[in-house]
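Biologist: I am new to this structure and would like to learn how its features are read, one at a time. Could we look at it together?

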Amino acid sequence: VVQKPLPDDPDVEPYLGVNSGTNFGISRIGVRWQEVDLWWRTLEPTPGNPQYDELLERLKSLKERGFRTKLSLVHLPGTPAWVHRPEEVAEAKSWSLTDGQAFFPTDEALATLPETFAELIRRAGDTIDLLEIGGEDELISGSEPYYLRKYPEHVHFGHVHGPVTRDLAAITSAYIKGAKMANPNLRIAAGRPSGGSPAHADFAFSRDVLTQVEGDFQFFPMDCYSFRMRYLDPRNMPNIGSANREYPAVFQHANEMTHTYLQGQKPFVSEYGYAIDNRLAPDHPLQQEEAGHMLSAVLTAKLLGSPFFFWFNSYGCVESKYFDYGLWHDDTPMLLIPAMSQVIRVVEGVHQYDSRLGSPESNLKLGLFGQRDRAYLAFWTDHGENPVRFALPEDAKVLNFAGNAAEMPADGLYSAGILAKYIVLDGPDAYEILHRVMETAEDDAMNLTAKLFLNDAKTAVLSVIPIAPAVKSQNVSCEYAFDDETEKSVAKDDDDAF
């Protein structure tokens, strides 16, 4: 079942988008943002002959269908061959390397870019709602074999800083200048990193670029891919990452970076997703895992202040032969479709929100979303099932992840799982009422974590520790036995490890 989208709230900007093509099913489930990619090499493939018409027609079509557009200048510098520096092309050739879109332009060519881009912005009018400059640039110019060889002293974590980040700042500044010439009010995001590694948690590459940029921009976009595996199949499951555990630190580090080194630009999720083995049946249990990862990412990012969220992707992207990122696999809809159709009803049109996300290790997650005369209290887990007790008002309803009515136990004890459930309440005071429900909710799980420590080749210690805040962990016992020994038992006092 796919839930019908609600009318847009004119006072609240839409939140959820996709990075790839928009078939008509995308608008049917309520997605309102679409990314459109652009490179200098496609904008101006030959000197003085910019190609505007095809892009403008696409932007116009999206506007007519009710979408907002993020125009993304990804993979900087994205240059056509005619702008490349002759001396770099010659040196690369002497090293048996070829020039490509990662090579930077001459000063003369760069000087022409602002006006060429400004003309595009003028012609586009109101069909561009957000301009994003840069995307995964450390994987393009920052990883270009020619620059890696030319500037080995500037390589950090496998990416070239120094002259490369300086040149990236220059081309970013040129695009900002062109955009402002044509539309001074156009909102701009810049410096989007590829993400996916804790080694880059402080966004060093993006920081080196953005601190040298001339011109104002308002947002810091991020590829928030998991630090761990994002390919879902039975063999990979123990290694799959989680937005529940990773997003809090990602957003903390992003905010620290923009407030310390820049002007406090707002971070948002510009690309995030998981890919599932497309040989698995559409009703395979791992479809629930993928839907659960999507729901937790969308909900958590909103609760951490992300103004936008772009899911990767609608259809058509397959990596490593079998792993498909799509909401659809060819023409077959995945479980992501009904899950997204309902979560959109929760996270769009939100005027206020609050949460009980706990620590990254906490299993139970609660998020409250207040709309105009309606509120949703979402509850879900990072893994497995978790009992939680709510004291609900009589007129509240409970929905499953797809928006269908769920059971409401008389004792108020619900089972939270990886697929979010939603308590919904209508009325002008719905947010305040559900806020009290969230504050008084009781986590009835045993909040314990077990860790195995190897002291030496002969000694190991199994430590069972309460997760803060510890609740109801008194009278917990652990039964154990080694080889054929008689089973033993050890108990613990409340809040103590054993």
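Biologist: Why does H75 count as partly exposed?

Modeller: Please keep in mind from the start that this is a predicted model. Buried means under 20% relative accessible area and exposed means over 50%, with partly exposed in between. The relative accessibility of H75 is 21%, and therefore H75 counts as partly exposed.

Biologist: Where is H75 placed, and what is its phi near?

Modeller: The general idea is that most residues other than glycine have a negative phi, and that most peptide bonds are trans. In this structure, H75 sits in the loop between β3 and α4, and its phi is near 60°, which is a positive value in a residue other than glycine. S320 also has a positive phi, near 50°, and this residue belongs to the loop between β13 and β14.

Biologist: Which peptide bonds are cis, and where do they lie?

Modeller: One of them runs from L76 to P77, with omega near 5°, and P77 is in the loop between β3 and α4, the loop in which H75 is also placed. Another runs from F312 to N313, with omega near 0°, and N313 is in the loop between β12 and β13.

Biologist: How should I read the two faces of strand β4?

Modeller: In a regular strand the side chains alternate between the two faces of the sheet. In β4, which spans residues 130–133, L130 and E132 are on one side while L131 and I133 are on the other, and all four are buried, so that both faces of the strand are covered.

Biologist: Which strands pair with β4, and in what sense?

Modeller: Strand β3, residues 68–73, pairs with β4 in the parallel sense over 4 bridges, and within this pairing K70 stands opposite L130. Strand β7, residues 188–190, also runs parallel to β4 and is joined to it by 3 bridges, with I133 standing opposite A190.

Biologist: Turning to the surface, which residues gather in a patch of negative charge?

Modeller: Asp and Glu count as negative, and the residues that gather in this surface patch are E394, D395, D429 and E432. As an example, E432 is part of helix α12, which covers residues 430–440.

Terms used. Residues are numbered from 1 along each chain as its sequence is written. This is a predicted model: local features need pLDDT of at least 70, side-chain atom pairs count only at pLDDT 80 or more; totals for chains, interfaces and linings use all residues. Side-chain values use heavy atoms; hydrogens and water are left out. Patches are made of residues with over 30% relative accessible area and no salt bridge: like charges are joined within 9 Å, nonpolar side chains (Val, Leu, Ile, Met, Phe, Trp, Tyr) within 5 Å. Accessible areas come from the Shrake-Rupley method with a 1.4 Å probe; for residues, only the protein chains shown count as cover. A salt bridge is a side-chain nitrogen of Lys or Arg within 4 Å of a carboxyl oxygen of Asp or Glu. The place of a charge is taken as NZ of Lys, CZ of Arg, CG of Asp or CD of Glu. Buried means under 20% relative accessible area, exposed over 50%, partly exposed in between (1.4 Å probe, protein chains only). Two strands pair if DSSP finds at least two bridges between them.
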